[in-house]
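Please open the model in your viewer and keep the selection tool at hand. The stops below say what to select next and what is found there.

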Amino acid sequence: MNHNAEPVIFGEVLFDRFGDQAVLGGAPFNVAWNLRGLGHDPHFIGAVGADALGAQVRGAMDRWGLRQAGLQEDHRHPTGQVQVTLEDGSPRYEILPDQAYDHIDPEAALASLPERAGVLYHGSLALRGERSRAALEALVASQGAPVFMDVNLRAPWWQREQVQDWMARATWVKLNQEELAALAPVEQEDLDVQARMTLARFDLDALIVTRAEAGAMVLTREGAVHALQAPPVEALADTVGAGDAFSAVALAGLMAGWGWDLILERASLFASRVCTLQGATTEDRGFYEDAMGAWEG
């Protein structure tokens, strides 16, 4: 892998609405934001509407130093929104249909790619839109780069066979234990068996399974199993974006050539820190500096 290449992050950017408060988010956008905060220069490919929320996205990207060459403007569909309600600190999502991120243009996506495009990250929500699916198809076909797929199953916006088809094209897949149970090739109660069968069925280099308070585990093509308990969270605000935080560090670690034990340790620690935020990200650069400082401690 070219460690100097720039990660390409594809998918939704949207606003999570907590009552009257709107927080910028979307799993791929959160990953891109976190990577930028951690010192990387990701290339985000997505779409916003020609509306006030779209202008807010551009303003935030400008302040944060996120490149905008891959951010498209859709004049027929609004910037994405999701209604989030918290139950005991865990989020429930009401995802609005037919948003700008469902209509990412394939030609514009290809034209925006930087010269040193590297690992391609994508989630699963933006795959609900036919045009966005075509855009991702074009990117995968043109790049030939390793693919990190971050599964985010949000009812009713997913189809099992479609998600499995994309898993079969990935190099690494990350999902939580409920998603693993839903996507494993056969019904099986044992988590380890589910994971091993999924790894083999989709011919992955590694399968990453997050397990909330129980931590995370990685199974590799070579048969190794790496596992880590979740670190304690002090001053829990909510768990919104914790999985995206984990993915961002995992991606950073893969690009840097870290081993899986180090990736698990640093990704879990960073995800626990994000649980102290309201929402998935922050514009506080000190938050990211402190997180990287803790890795060295």
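Predicted model: local features only at pLDDT ≥ 70, side-chain atom pairs only at ≥ 80, totals over all residues.

Select Glu289, which counts as exposed because its relative accessibility is 53%, where exposed means over 50% relative accessible area, buried under 20%, and partly exposed in between, with a 1.4 Å probe and protein chains only. Glu289 has its place in helix H10 (residues 285-295), helices being DSSP runs of H or I with at least four residues and strands runs of E with at least two, numbered from the N terminus.

Residues are numbered from 1 along each chain as its sequence is written, and side-chain values use heavy atoms, with hydrogens and water left out.

**The whole chain**

Zoom out to the protein chain, which has 10 helices and 13 strands, and whose C-alpha atoms fill a box of roughly 50 × 40 × 40 Å along the principal axes. Buried residues make up 54% of its 297 residues.

**Aromatic rings**

Next select Phe29, Trp33, Phe44, Trp64, Phe270, Phe287 and Tyr288, which form one aromatic cluster. The structure holds 10 aromatic pairs, a pair being two rings of Phe, Tyr or Trp (its six-membered ring) with centres within 6.5 Å, counted as stacked if the planes are under 30 degrees apart, edge-to-face if over 60, and tilted for the rest. The rings of Phe29 and Phe44 have centres 5.4 Å apart and planes at 85°, so this pair is edge-to-face; the pair links distant parts of the chain, with Phe29 in helix H1 (residues 27-37) and Phe44 in strand E4 (residues 43-49), 15 residues apart. Phe29 is buried, at a relative accessible area of 1%, and Phe44 is buried at 0%.

How are the rings of Trp33 and Trp64 arranged? Their centres are 4.7 Å apart and their planes lie at 0°, so the pair is stacked, and it links Trp33 in helix H1 to Trp64 in helix H2 (residues 52-64), 31 residues apart.

For a charge over a ring (NZ of Lys or CZ of Arg within 6 Å of the ring centre and within 35 degrees of the ring normal), select Arg169, whose charged end sits over the ring of Trp166, 4.0 Å from its centre. Then move to Arg266, which lies over the face of Trp258 at 4.7 Å from the ring centre.

**Salt bridges**

The structure holds 12 salt bridges, each a side-chain nitrogen of Lys or Arg within 4 Å of a carboxyl oxygen of Asp or Glu. Select Asp150 and Lys174, whose closest N and O atoms are 3.1 Å apart in a salt bridge; Asp150 in strand E9 (residues 147-150) and Lys174 in strand E10 (residues 172-176) are 24 residues apart, and both residues are buried.

Go on to Asp105 and Arg131, a salt bridge with its closest N and O atoms 2.5 Å apart. Asp105 lies in the loop between strand E7 (90-95) and helix H3 (106-112) and Arg131 in helix H4 (residues 130-143), so the pair ties together parts that are 26 residues apart in sequence. Arg131 is partly exposed, with a relative accessible area of 35%.
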